[in-house]
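Colleague: I am new to this structure. Please show me how to read a few of its features.

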Amino acid sequence: MIKPHPLLPKLKALRLGGMVHTLEKRAQEAIDQSLPPAEFLALLVEDEIDRREQTRFARRITEARLDESKTLVRFDFSAAPRIKRTLINELSSCRFVEKGENVLFAGPTGTGKSHLAQALAYEAIKRGYKVIYRPVHKLLAKLYAKRADGSFHNMYRRVLGVDVLVLDDFGLVPLSTRGAEDLYEIIRERYEQKPIIVTSNRAPEEWADVFGNHLLASAALDRLTHHAHFIEMKGESYRQRQRRVTTGSSIFKREEDRQPESLEESIGRERHNQQMEDNIKGGDM
């Protein structure tokens, strides 16, 4: 059994327990390099600062509920050639956070919207910002539930105050009247102060329909789209491309993969349709 370092209790008393992990290593370096005590202490302090920063970063990733694999380094830009990579690189600097500018992703399922949204959130956390990442319908459902136990205002203040709010899958699930009102208030309160990143499978012209209230939608979207970076995602689903690579086929055929109908197939289809019509007229169905 390995005995704990004799200094561990005292280091823990000072909340420096992590320092014990590099203490022996730094002590040996100090001996080998004849370092003065001040430099030896400086190395230990730097190690502690690094450890705390790593712990803080990991905690913020967990609290945000990000998928750590969704980073810019791991995004396949070759599969999305229409994306302006210069814009994504500019957004990764997180100046949009400082300016309170929103980022809006729209496009079909599987084109990388959520990946890029999380990647930008990841970059924000690296720079010390706090992030909340949630599907819209789950966040609004959670807020609704919090009204029942009296903790609504605590969660609501956290949603309003977080540096970057990522709302995934906007429009995937219809909004309730209460949900639409809560979303409007979130957008209104964060307007020009703290950014919102939105992803949606719906075309922007359909976003107003999600609210179910024209006036509420107009007021919310006017604020959401003002000072916003809009990124339209196009192309085939990444998941279906991966399926094609691994299985040789996709459940959904791309338009360019569809084979033209032959003359025999066309004639056969017409005969079948005619037979169906004759059966209906004859009362056979």
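Colleague: Which helix does Asn89 lie in?

Modeller: Asn89 lies in helix 4. Helices (H or I, at least four residues) are DSSP runs, numbered from the N terminus. This is a predicted model, in which local features need pLDDT of at least 70, side-chain atom pairs count only at pLDDT 80 or more, and totals for chains, interfaces and linings use all residues. Residues are numbered from 1 along each chain as its sequence is written, and side-chain values use heavy atoms, with hydrogens and water left out.

Colleague: Is Thr71 buried or exposed?

Modeller: Buried means under 20% relative accessible area, exposed over 50%, and partly exposed in between (1.4 Å probe, protein chains only). Thr71 has a relative accessible area of 11%, so Thr71 is buried. Asn89, at 43%, is partly exposed.

Colleague: Where is Thr71 found, and what is Thr71 in contact with?

Modeller: Thr71 is in the loop between helix 3 (37-64) and helix 4 (85-91). Contact means heavy atoms within 4.5 Å. Setting aside neighbours within four places in sequence, Thr71 is in contact with His115, Ala119 and Tyr122.

Colleague: At what angle do helix 9 and helix 11 pack?

Modeller: Axes are lines fitted to C-alpha atoms, for helices over the stretch in contact, and angles run from 0 to 180 degrees between N-to-C directions. For helix 9 (residues 177-190) and helix 11 (residues 214-225), the angle is about 30° and the axes are 9 Å apart. Angles under 35 degrees count as roughly parallel, over 145 as roughly antiparallel, 65 to 115 as roughly perpendicular and the rest as oblique. Helix 9 and helix 11 are therefore roughly parallel.

Definitions and conventions:
Helices (H or I, at least four residues) and strands (E, at least two) are DSSP runs, numbered from the N terminus.
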